Amino acid sequence: MTGNVYPELEGKVGGYPYKTPRVVFRNLGDGRFEELMDGAGPGVEAAHSSRGCAFGDFDNDGDLDILIVNLNEPPSLLRNDLQGDRHWLKLKLIGTKSNRSAIGARVLVRYSGKQQVQEVISQSSFCSCNDRRLHFGLGAATAADIEIRWPSGTNQTFPNVKVNQLIIVREGRANLERAPWPA
């Protein structure tokens, strides 16, 4: 959330602007974050009164983009167009015994001595909903082990899954489906 909810407050109370720049932090990987104001780009530096945001790969290029809901103006799409040699893995879960959307499924991904956990949820922020495809940034790792705990109580494990692909996992099926992905 940035900016103020009430535009009329700006002219009456000093220090409460209606629109303010956004704030972006980088995870340093050791439990600390650093603020990225300089060099984050015009989409972050521009002043807005924003409330909700949703994360997802809107342009299907393998990285996360951000859609921000602004008050009294169109939403902002902050596209992540950085180039690099870092790897990723996306999972789209489809429930069969559990709900079809897999809401509540928990995924643990292990790679290069590290691990990440994500759950499929139905909402993320005010007036916003993240991409239901789970996105795992894996750095230099070229494969990962996946464990899924479904809402039904079923558990599935998939060892040594190759990176840089979208995988479809259907609850209870032993095989992974590689989804078509832009080249």
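This is a predicted model: local features need pLDDT of at least 70, side-chain atom pairs count only at pLDDT 80 or more; totals for chains, interfaces and linings use all residues.
With a relative accessible area of 24%, glycine 139 is partly exposed, because the buried class stops at under 20%. Glycine 139 belongs to strand 9. Setting aside residues up to four places away in sequence, glycine 139 touches Asp85, Arg86 and His87. Glycine 104 is 35 residues from glycine 139 in sequence, and the two C-alpha atoms are 26 Å apart in space.

Now the chain as a whole. How many helices and strands does the chain have? There is 1 helix, and there are 13 strands. In sequence order the pattern reads β-β-α-β-β-β-β-β-β-β-β-β-β-β. The C-alpha trace spans about 65 × 35 × 35 Å along its principal axes. The chain has 183 residues, and 32% of them count as buried. Take the contacts between residues at least 6 apart in sequence: 48% of these join residues at least 24 apart.

Next, the nonpolar core. The largest nonpolar core has 22 residues. Which residues have the most contacts inside it? They are Leu93, Val107, Leu138 and Ile146. At least two residues of this core come from each of strand 6, strand 7, strand 9, strand 10 (143–149), strand 11 (155–162) and strand 12 (166–170).

Let me stay with leucine 93 for a moment. If we leave aside neighbours within four places in sequence, leucine 93 is in contact with Arg100, Ser101, Ala102, Ala105, Val107, Val120, Arg132, Ile148, Trp150 and Val169.

Now two serines, each in a loop. Serine 98 lies between strand 6 (87–94) and strand 7 (106–111). Is serine 98 buried or exposed? Serine 98 counts as buried, because its relative accessibility is 10% and the limit for buried is under 20%. Beyond four places in sequence, serine 98 touches Trp150, Pro151, Ser152 and Glu171. For serine 152 there is also a distance to give: its backbone nitrogen lies 2.9 Å from a polar atom of the serine 98 side chain.

The other one is serine 128, in the loop between strand 8 and strand 9. Serine 128 has a relative accessible area of 12%, so it is buried. Which backbone nitrogen does the side chain of serine 128 reach? The answer is that of cysteine 53, at 3.2 Å. Cys53 is also one of the residues that serine 128 contacts, once neighbours within four places in sequence are left aside; the others are Gly52, Ala54, Val69 and Gln123.

Strand 3 (50–56), strand 8 (114–119) and strand 9 (134–139) are the elements that give two or more residues to its lining. That lining has 13 residues, and Gln118, Asn130, Asp131, Arg133 and Leu134 lie nearest the centre of the pocket. By type, the lining divides into 5 nonpolar, 4 polar and 4 charged residues.

Now some backbone angles. Most residues other than glycine have a negative phi. Asparagine 160 is not a glycine, yet has a positive phi of about 50°. Asparagine 160 sits in strand 11. Asparagine 160 counts as partly exposed, because its relative accessibility is 48% and exposed starts at over 50%.

Asparagine 164 also is not a glycine and has a positive phi, of about 60°. Where is asparagine 164? Asparagine 164 lies in the loop between strand 11 and strand 12. The relative accessible area of asparagine 164 is 28%, so this residue is partly exposed.

Last, alanine 47. Alanine 47 is found in the loop between helix 1 (42–45) and strand 3. Its relative accessibility is 37%, so alanine 47 counts as partly exposed. Apart from residues up to four places away in sequence, alanine 47 touches Lys19, Thr20 and Pro21. Proline 7 is 40 residues from alanine 47 along the chain, and their C-alpha atoms are separated by 13 Å.

That is what I have for today.

Definitions and conventions
Residues are numbered from 1 along each chain as its sequence is written. Side-chain values use heavy atoms; hydrogens and water are left out. Helices (H or I, at least four residues) and strands (E, at least two) are DSSP runs, numbered from the N terminus. Buried means under 20% relative accessible area, exposed over 50%, partly exposed in between (1.4 Å probe, protein chains only). A polar contact is a pair of N or O atoms within 3.5 Å; within protein, one must be able to donate a hydrogen and the other to accept it, and residues adjacent in sequence count only if both atoms are side-chain atoms. Contact means heavy atoms within 4.5 Å. On a 1 Å grid over the protein atoms alone, a cavity is a set of points where a 1.4 Å probe fits but cannot get out, and a pocket is an open set with protein on both sides within 12 Å along at least five of seven lines; lining residues have an atom within 4 Å of a point. Ala, Val, Leu, Ile, Met, Phe, Trp, Tyr, Cys and Pro count as nonpolar, Asp, Glu, Lys and Arg as charged, and the others, Gly among them, as polar. A nonpolar core is a set of buried Ala, Val, Leu, Ile, Met, Phe, Trp, Tyr and Cys residues joined through side-chain atoms within 4.5 Å.
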